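Here is a short briefing for a first look at this structure. Keep the sequence and the 3D view side by side as you read.

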Amino acid sequence: MQTRSMSATEAVTSTAIGFIVSWGLTLAVLPVFGYAVTIGHSLGITAIYTAASIIRGYAVRRVFNGKR
């Protein structure tokens, strides 16, 4: 069984990797849809989605870990 701290570590590590990919995609995709985006704006947008992803990943892990 995974501990709570290991669940949090796994969620943060996975999301950190995704952060880099997401930031690049935000810079590339938003202009395609007509949004002018700066590096600072894209960093802020990505940070918001990253925080949501960490919380989601941790919660899902705990739910599945509790089912054992």
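Gly 34 follows helix H1 and has a positive phi, near 90°. Helices here are DSSP runs of H or I with at least four residues, strands are runs of E with at least two, and both are numbered from the N terminus. The model is predicted, so local features need pLDDT of at least 70 and side-chain atom pairs count only at pLDDT 80 or more, while totals for chains, interfaces and linings use all residues. Residues are numbered from 1 along each chain as its sequence is written, and side-chain values use heavy atoms, with hydrogens and water left out.

**Helix H1**
- H1 has 29 residues. From first C-alpha to last, H1 reaches 40 Å, close to the 42 Å expected at 1.5 Å a residue. The expected span is 1.5 Å times one less than the number of residues.
- At Thr 26, H1 bends by about 30°. The bend is the angle between axes fitted to the seven residues ending at a residue and the seven starting there.
- Ser 7, Ala 11, Thr 15, Phe 19 and Thr 26 are buried in H1. Buried means under 20% relative accessible area, exposed means over 50%, and partly exposed lies in between (1.4 Å probe, protein chains only).
- An α-helix has 3.6 residues a turn, so residues three or four places apart point the same way.
- The buried residues of H1 pack against H2.

- Phe 33 sits in the loop between helix H1 (4-32) and helix H2 (39-66).
- Phe 33 is exposed because its relative accessible area is 60%.

**Helix H2**
- Asn 65 is in H2. Asn 65 is buried, at 2% relative accessible area.
- Beyond its neighbours within four places in sequence, Asn 65 is in contact (heavy atoms within 4.5 Å) with Met 1 and Gln 2.
- Ala 59 also belongs to H2. At 37% relative accessibility, Ala 59 is partly exposed. Its C-alpha is 9.3 Å from that of Ala 11, 48 residues away along the chain.
- Ala 47 lies in H2. Ala 47 counts as partly exposed, at 38% relative accessibility.
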